[in-house]
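Please look through the sequence and the structure below before reading on.

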Amino acid sequence: MGGLASFVGTYGPWIAFLLLALIGGKMIAEAVRGGDGESVRFESGTATLLVLAVATSIDALAVGVSFAVLDIPIVSLAITIGVVTFVFSAAGVLLGSAFGHIMGGEKAGIVGGIILVAIGLRILLEHLFF
């Protein structure tokens, strides 16, 4: 378990940053190119969803491995993390939908891309400096 924890701790933040930056950059580029007044639709194919899931889960993987290495009782923590994740995900979907209708597809795509890049940068900076 030590090798996996070391690998995730060392390279996980870099991988998360790169994946989120690529996805965020792609969203921004698609929003800018789609400037014909029509609503921008982002592809949500299996590959895109898989990459996004991996990118947003690497940080959680590092925490989970840390829990296992530290021998912390995980059941109550997993339930708490699951509930909080569900609540914030549901709120994100509702707010994102409302924000998309208010701002329009292009602007919402640009803002969403910037947010993804910022999340990746935050993960990387936390790894490097904290």
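What follows is a walk through the chain, from its overall plan to some of its residues.

The model shown here is predicted, and a careful reader may wish to begin with the confidence that accompanies it. The mean pLDDT of the chain is 79, with 85% of the residues reaching 70 or more. Among the elements of the chain, the lowest mean pLDDT, 74, belongs to H2, whereas the highest, 87, belongs to H4. Where pLDDT is low, the predicted coordinates should not be read in detail.

With that in mind, the overall plan can be described. The chain contains four helices and zero strands, so that the pattern read along the sequence is α-α-α-α. Of the 130 residues in the chain, 19% are buried, and the chain exposes about 8,800 Å², of which carbon and sulfur atoms supply 74%. When contacts between residues at least 6 apart in sequence are considered, 84% of them join residues at least 24 apart.

Helix H1 covers residues 2-33, and within this helix Lys26 and Glu30 are four residues apart, which means that about one helical turn separates them. Their side chains meet in a salt bridge, with a distance of 3.4 Å from N to O. The two partners can also be described by their accessibility: Lys26 is partly exposed, with a relative accessible area of 39%, while Glu30 has a relative accessible area of 15% and is therefore buried, since buried means under 20%.

The next helix, H2, spans residues 46-70 and is the place of Ala53. The relative accessible area of Ala53 is 37%, and this residue is partly exposed. Although Ala53 and Leu19 are 34 residues apart in sequence, their C-alpha atoms are 10.0 Å apart in space.

Helix H3 runs over residues 75-103, and Val83 is found in it. Val83 itself, at 49% relative accessibility, counts as partly exposed. This residue also belongs to a nonpolar patch on the surface, which is formed by Ile74, Val75, Ile79, Val83, Val84, Phe86, Val87 and Phe88 and has about 830 Å² of accessible area together. After H3 comes Gly104, whose phi is positive, near 95 degrees.

Helix H4 takes in residues 105-129, and both Glu126 and Arg122 lie in this helix, four residues apart, or about one turn of the helix. The side chains of Glu126 and Arg122 meet in a salt bridge of 3.1 Å, again taken from N to O. Glu126, at 35% relative accessibility, counts as partly exposed, and Arg122, at 43% relative accessibility, counts as partly exposed as well.

Taken as a whole, the structure holds two salt bridges, one between Lys26 and Glu30 and one between Glu126 and Arg122.

Notes:
Residues are numbered from 1 along each chain as its sequence is written. This is a predicted model: local features need pLDDT of at least 70, side-chain atom pairs count only at pLDDT 80 or more; totals for chains, interfaces and linings use all residues. Side-chain values use heavy atoms; hydrogens and water are left out. Helices (H or I, at least four residues) and strands (E, at least two) are DSSP runs, numbered from the N terminus. Buried means under 20% relative accessible area, exposed over 50%, partly exposed in between (1.4 Å probe, protein chains only). Patches are made of residues with over 30% relative accessible area and no salt bridge: like charges are joined within 9 Å, nonpolar side chains (Val, Leu, Ile, Met, Phe, Trp, Tyr) within 5 Å. Accessible areas come from the Shrake-Rupley method with a 1.4 Å probe; for residues, only the protein chains shown count as cover. A salt bridge is a side-chain nitrogen of Lys or Arg within 4 Å of a carboxyl oxygen of Asp or Glu. Contact means heavy atoms within 4.5 Å. pLDDT is the predictor's confidence in each residue, from 0 to 100.
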